[in-house]
Amino acid sequence: MSHDEVVIIAIAAGCAASVGVVGLLFAWVFRGASLRWLPAGVAVVAAAAMIAAVIGTARAMFISDHDYVVVLWVCLVAGIVAACFASLVGAVVVRSSRQLREGARRFGESGKYDADVTGPAEFTALNEELRETSRKLTEAREREQRLEESRRELVSWVSHDLRTPLAGLRAMTEALEDGMVDDPSRYHRQISAEVNRTVRMVDDLFELSQIHAGLLDPSPQTIALGDLVSESLAAAESVAAVKGVRLDGQVDPDVLVHVDPHAMSRVIGNLLMNAIRHTPSDGAVQIRGWSRPDAVELSVRDGCGGIPREDIDRVFDVAFRGGASARTPGAEPVASGSGAGLGLAIVRGLIEVHRGRVEVENVEDGCRFVVTIPTSDPVTQPSVG
Ligand SMILES: Nc1ncnc2c1ncn2[C@@H]1O[C@H](COP(=O)(O)OP(=O)(O)OP(=O)(O)O)[C@@H](O)[C@H]1O
Ligand SMILES: [Mg+2]
C-alpha cells in the first residue's frame with residue numbers, strides 16, 4: 001500500500017468517524033423518538049459520512065473540480081434515495097409494533113390475545129409467543145373454573161346425599177345409647193351396612209368431582225377385554241346369586257383394549273351392578289365384547305323391562321335415579337334410596353377419559369348399554385364442559 005493510499009484511508013476514516021460521532025449524539029438526544037426514524041437516521045448518517053469522506057479526501061485524491069462535484073451529487077442522490085427507502089422500512093416496522101401494541105392492549109382488556117402481526121421476524125415471533133401465552137392463560141383459567149365448579153358440586157352433593165344416611169345413623173346410635181333397642185345386633189349390622197354405603201358414596205362423589213375437574217390421571221395398558229370381563233363377572237357373581245339373576249359373558253377371542261384397567265373394571269362393575277339391580281329374579285344379564293376396525297365395543301344387556309322414554313336421556317346425569325314408573329315387577333323400587341345416582345355418571349366420565357362413548361338403548365324386555373373405546377386415539381383428559 002502506497003503512502004498516498006494510507007493518507008487517503010486515514011483522512012476518510014477521520015471525516016466519516018466525525019460524522020458518525022455527530023450521528024451518535026443525535027441518536028442519543030432523540031433516543032425516545034419513534035423507531036420509524038431509526039433506519040432513515042442510519043441512512044442519512046451513512047450518506048453524510050460518505051460525503052464528508054469525499055470532501056476530506058478530494059484534495060489528497062487530486063481529482064478535478066468537475067469530478068469532485070459529480071461525486072458529491074452522486075453521494076447526495078444515493079443518500080436521499082437510501083433515506084427514503086429506510087423510512088419506508090421504518091414505516092413497516094412501526095406498523096408491526098403498532099399491531100402488537102394494539103393486540104397487547106386488547107389482551108389486557110379481554111384476557112385473550114388475537115392480534116395478527118405481519119412484518120419482521122422478531123415481531124411475528126413475539127406475536128406467536130403472545131398467542132401461546134394467551135392460550136395457556138385461557139387453559140389455566142378454564143381449569144381453575146372447572147376446579148371451582150367441582151368443589152362447589154362436591155359440597156352440594158355431599159350435603160344433599162349424606163344427610164339422609166347420617167340422620168338414620170344418628171337415630172340408630174341414639175336408640176342404642178338409650179337402651180331402647182330389643183335387638184342391638186340387628187342395629188349394629190344395619191349401622192355397619194349404612195356406614196359402608198356412605199363410605200362408597202363419598203368415594204363415588206370424590207371420584208366424580210375428580211373426573212369433572214379433569215384431574216383423573218389414567219395409566220393405560222393393553223389388556224385382554226376377556227380378562228377384564230371375567231374379573232368383573234366374578235366380583236358380581238355373589239350379588240347376582242342372591243338376587244337370582246343369571247350372568248352370561250361372551251367376549252370374542254383376542255380382543256385387546258388400551259385402557260386403565262382399574263377404570264375399565266369400574267365401568268364394567270357399575271354397568272353390571274345396575275343391570276343386576278334392575279333385572280327381576282330368574283332374569284338374565286348378558287355381557288358381550290367384540291372388536292371393530294377402529295374400536296372395541298362392550299355391551300351389557302339386562303331384563304329391566306325398558307327404561308321409560310322420558311328417563312333414557314337422563315340416566316347418565318349426576319344424581320339421576322329414575323322415575324317411579326315402567327319398572328318390571330320384582331325389580332327393586334327405583335327410588336328406594338339404594339343408589340345415589342352416581343354410577344352411570346362415573347361410567348360416562350371414565351369412558352370419556354378414554355375418548356370413548358357410552359350409549360343406552362331399549363331392547364326387547366330390557367335395555368342395553370354399549371361402551372365404545374376407540375383403538376387409535378391416545379388416552380387423554382376429557383373435555384369437561
Ligand atoms: N341397567 C339398567 N336398567 C334400568 N335402569 C337403569 C339401569 N342402569 C341405570 N338405570 C337407571 O338410571 C339411574 C341412574 O343409574 P346410576 O347407576 O347412575 O345410579 P344408581 O344405580 O341409582 O346409584 P349408584 O350407581 O350411585 O349406586 C338408575 O337409578 C336407574 O333408574
Ligand atoms: Mg348404579
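Two strands count as paired if DSSP finds at least two bridges between them. Helices (H or I, at least four residues) and strands (E, at least two) are DSSP runs, numbered from the N terminus. This is a predicted model, where local features need pLDDT of at least 70, side-chain atom pairs count only at pLDDT 80 or more, and totals for chains, interfaces and linings use all residues. Residues are numbered from 1 along each chain as its sequence is written, chains are lettered from A and ligands numbered from 1 in the order in which they are written, and side-chain values use heavy atoms, leaving out hydrogens and water.

Me: What radius of gyration does the chain have?
Reply: The radius is taken over C-alpha atoms, and the globule rule is 2.2 Å times the number of residues to the power 0.38. For 385 residues, a compact globule would come out near 21 Å. The C-alpha atoms here fill a box of roughly 130 × 55 × 40 Å along the principal axes. The radius of gyration of the chain is 40 Å.

Me: What share of the contacts with a separation of 6 or more joins residues 24 or more positions apart?
Reply: A contact means heavy atoms within 4.5 Å. The chain folds into nine helices and seven strands. Among contacts with a separation of 6 or more, the share from residues 24 or more positions apart is 69%.

Me: Why is strand S5 largely enclosed by the rest of the structure?
Reply: Buried means under 20% relative accessible area, exposed over 50%, partly exposed in between (1.4 Å probe, protein chains only). Of the 385 residues of the chain, 35% are buried. S5 spans residues 295-301, and it is largely enclosed because its buried residues number six of the seven.

Me: Which residue of S5 is the bridge partner of isoleucine 287?
Reply: Strand S4 (residues 284-291) pairs with S5 in the antiparallel sense, over six bridges. Three residues separate these two strands in a hairpin. The bridge partner of isoleucine 287 in S5 is valine 300.

Me: Which residue in S7 stands opposite leucine 298?
Reply: S7 covers residues 366-374. Seven bridges join S7 to S5, and the two run antiparallel. Opposite leucine 298 stands valine 371.

Me: Is aspartate 282 buried or exposed?
Reply: Aspartate 282 sits in the loop between helix H7 (261-278) and S4. Its phi is near 75°, positive in a residue other than glycine. With a relative accessible area of 69%, aspartate 282 is exposed.

Me: What is phi of aspartate 365?
Reply: Aspartate 365 lies in the loop between strand S6 (357-363) and S7. This aspartate is exposed, at 58% relative accessibility. Phi of aspartate 365 is positive, near 70°.
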